[in-house]
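I opened this model to look up its helices, its charged pairs and its surface. My notes follow the order in which I looked.

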Amino acid sequence: MKKEIIALTLLILLFLGSLYNIRVMDNMVETLESGVQSSFNAAQSNDFEKAAILIDEAAGDWLSRDGYTHIFIRHTEIDSTTDAFFEFMTDISAKDAESSVGTYGKLMAHLDSLKTMEHISFGSIF
């Protein structure tokens, strides 16, 4: 009986830990998406100085979370999201509003996938 109680306690702790991770990921991605969106809006208004500052802040925020992301996110996802950040930053630095539309979309898709891959679904359980 003691083993079953320990096993049940561990299962409950794992479930609660996954719920906590989902909340952390959702909050992190929403913050990052907000910064990227603000940068994109500034670039579309031809305010590339402001856009560069905003995307640098968002990228810095992303890179500062390295300790957490390398534990809970697959490395391929981290690398592709980081690459997408730098591609968008390159377009902003080049003051290329037209090209930034595509790289913005790519970056937002990567950020959105980070959020959705952590959510619990029927398929992820069975």
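This is a predicted model: local features need pLDDT of at least 70, side-chain atom pairs count only at pLDDT 80 or more; totals for chains, interfaces and linings use all residues.

Residues are numbered from 1 along each chain as its sequence is written, and side-chain values use heavy atoms, with hydrogens and water left out.

I looked up helix 1 and found 43 residues reaching 62 Å from the first C-alpha to the last, close to the 63 Å expected at 1.5 Å a residue (helices being DSSP runs of H or I with at least four residues, numbered from the N terminus; the expected span is 1.5 Å times one less than the number of residues). After helix 1 comes Asn46, with a positive phi near 60 degrees.

I then checked helix packing, with axes as lines fitted to C-alpha atoms over the stretch in contact and angles from 0 to 180 degrees between N-to-C directions. The axes of helix 1 and helix 2 (residues 48-64) come within 7 Å and cross at roughly 165 degrees, which makes the two roughly antiparallel (an angle over 145 degrees).

For helix 4 (residues 75-93) and helix 5 (residues 97-118), the axes come within 9 Å and cross at roughly 155 degrees, so this pair is roughly antiparallel as well.

I found four salt bridges in the structure, each a side-chain nitrogen of Lys or Arg within 4 Å of a carboxyl oxygen of Asp or Glu. One of them joins Glu33 to Lys115, with the closest N and O atoms 3.8 Å apart; this pair links distant parts of the chain, Glu33 in helix 1 and Lys115 in helix 5, 82 residues apart.

Methods. Angles under 35 degrees count as roughly parallel, over 145 as roughly antiparallel, 65 to 115 as roughly perpendicular and the rest as oblique.
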